[in-house]
Amino acid sequence: MNTSETFDLVVLGAGIAGLTTATAAAERGLRVALVEKTEAVGGSSAMSGGWFAFSGTPEQDAAGVDDSAELFLQDMLEVGEHRNDKTLLDAYLARQEQAAAWLRDHGAVFTQVEISSGQSAKRSHLSDIKDVLAKLHAAFEVAGGTSYLGHRATRLVVEGERVVGVQIEAADGILELHSRGGVVIATGGFSRGSEMLKVFAPDQLAAIPYGGKGNTGDGLRMAWRLGAGMADMSFVSGTYGSHPDTTDEFHELLTAYYLGAIIVNQSGERFTDEAQSYKTLGREVLKQQDGLGYQIFDATVRAKSERGVPLKDMDTLEDIGHLHRADTLAELADIIGVDADALAATVEAYNRVVGGETVDPQGRTSLCNGVGELKPIAQAPFFAYPAKSLMTTTYCGVTITPQGEVTNVDGEVIDGLYAVGEVTGGFHGAAYMTGTSLGKGAVFGNIVAETVATRLGESQ
Ligand SMILES: Cc1cc2nc3c(=O)[nH]c(=O)nc-3n(C[C@H](O)[C@H](O)[C@H](O)COP(=O)(O)OP(=O)(O)OC[C@H]3O[C@@H](n4cnc5c(N)ncnc54)[C@H](O)[C@@H]3O)c2cc1C
């Protein structure tokens with residue numbers, strides 16, 4: 001061991017969850033250490049679309065959106081198949097407006113409000129997430145916080161039954177950080193952790209690996225060693241909608257199906273209700289040949305593209321040659337190597353469903369989660385976007401209380417241990433609603449900072 005230092009709070013991981021917790025705690029006057037394994041802050045948060053899910057915001061009011069915390073809750077439970085821990089949802093809904101205001105106070109600007117996966121109202125608030133993260137880190141340092149970039153947390157330090165610190169490793173040795181107020185695990189998911197995926201979701205190893213480079217499940221492992229409970233582990237799923245040649249450099253995720261596209265497999269057949277959560281679609285597409293599904297749409301859907309807007313940017317995808325265009329469906333089928341008659345029959349059958357002549361065998365009745373009228377695929381030119389499931393996130397992990405305290409397998413609080421963000425389980429249940437991951441990092445980060453500050457204040 002090289003040296004040791006003492007803080008009021010030690011936060012592990014510098015994505016939205018860790019940066020929010022650390023900054024909010026430092027601004028409450030706590031002496032905070034922020035430990036990040038890679039050389040830069042950001043994690044998966046920096047690679048994300050930047051959508052935050054909130055209801056009751058001024059941005060929704062300005063856009064004339066009719067939404068409420070009750071509807072938000074109902075959508076969360078529906079998308080999570082009622083397997084969510086409702087106490088966590090209640091905590092989120094009670095604190096979302098405060099968290100959104102806190103983000104705005106720290107420079108976040110929500111430039112668009114959109115409907116997306118799992119939502120029945122326009123609830124996704126678009127931010128320039130890299131800018132938000134940079135501003136939070138700057139605010140953390142202004143508030144006197146200490147950053148340990150390039151330091152990997154390896155082991156929690158326990159005295160009696162209380163977590164009192166953490167061992168961290170860097171190229172130049174090992175440090176021990178002691179903490180009076182406890183340790184917060186905010187190390188993200190394990191989308192890059194093939195060992196963890198082998199244990200919890202081996203079928204998902206077929207998805208394209210993605211997410212923050214450091215997201216290998218270290219925090220989950222450290223808490224597991226102390227007997228932490230776990231939730232939602234069986235629901236790990238990639239997100240459907242990324243070209244097989246997706247790279248880390250460009251955020252390539254298209255959800256044209258929420259705008260009216262259908263998804264067909266290599267036999268030219270639909271295989272699921274495209275209005276479902278893109279996580280559910282991620283599971284469904286893995287069952288198809290080569291884990292591949294083509295988003296098929298026409299000129300009316302293509303016209304809804306917005307350059308630079310995550311999930312909707314068809315312009316850039318066409319520029320880089322990942323989106324195929326043809327004047328007829330037969331030509332399109334030829335380009336993507338799908339039987340032309342099969343594709344024509346599928347589109348014809350779908351258009352009959354849209355026209356109300358038949359009921360959809362896949363059960364589709366809307367564009368996205370019960371909202372939006374189906375439109376026929378009829379207007380040339382036609383488009384095909386070949387896409388796989390992208391292992392962006394894992395959305396499962398340690399069990400927590402609404403205050404962010406980690407609980408053990410028996411449901412008892414592990415003294416001195418907190419967790420925030422993607423490393424936590426129980427919030428999403430069976431599937432995920434867009435914007436609720438960045439959202440829960442911001443909401444629970446604020447809650448944990450407040451909880452620890454209050455407890456330290458009371459103990460003095
Ligand atoms: C392509 C893509 C698009 C997405 N779009 C959205 C979206 O629009 N809206 C939304 O809500 N969610 C979205 N998500 C999901 C969301 O980005 C993540 O779930 C969320 O950012 C997780 O935040 P976090 O702070 O918990 O983890 P992260 O942001 O991943 O941060 C965790 C940090 O911990 C570090 N770390 C790991 N192990 C250690 C260790 N041992 N010691 C120290 N540090 C460690 C990691 O290096 C990382 O920097 C998207 C994800 C991806 C990949």
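How many bridges join strand E3 to E7? The structure is a predicted model, in which local features need pLDDT of at least 70 and side-chain atom pairs count only at pLDDT 80 or more, while totals for chains, interfaces and linings use all residues. Residues are numbered from 1 along each chain as its sequence is written, and side-chain values use heavy atoms, with hydrogens and water left out.

Strand E3 (residues 32–36) is joined to E7 by four bridges, and the two run parallel; helices (H or I, at least four residues) and strands (E, at least two) are DSSP runs numbered from the N terminus. Within this pairing, where two strands pair if DSSP finds at least two bridges between them, Leu-34 stands opposite Ser-147 in E7. Both strands belong to an open sheet of six strands with mixed pairing, in the order E7-E3-E2-E11-E21-E20, whose edge strands, E7 (146–149) and E20 (405–407), each pair on one side only. Neighbouring strands of the sheet are turned against each other by 30° on average, direction ignored. Helix H13 packs on the sheet, touching E2 (9–12), E11 (183–185), E20 and E21 (413–419), and the direction of H13 makes about 140° with that of E21; contact here means heavy atoms within 4.5 Å.

Helix H13 (residues 436–459) also packs with helix H1 (residues 16–27) at an angle of about 30°, the axes being 8 Å apart. Axes are lines fitted to C-alpha atoms, for helices over the stretch in contact, and angles run from 0 to 180 degrees between N-to-C directions. The angle makes H1 roughly parallel to H13 (under 35 degrees counts as roughly parallel, over 145 as roughly antiparallel, 65 to 115 as roughly perpendicular and the rest as oblique). By class, the contact of H1 with H13 has eight nonpolar, five polar and no charged residues, where Ala, Val, Leu, Ile, Met, Phe, Trp, Tyr, Cys and Pro count as nonpolar, Asp, Glu, Lys and Arg as charged, and the others, Gly among them, as polar.

The axes of H4 and H13, by contrast, come within 8 Å and cross at roughly 90°, which makes H4 roughly perpendicular to H13. The residues of this contact divide into ten nonpolar, five polar and three charged, and among those contributed by H4 are Tyr-92, Arg-95 and Trp-102.
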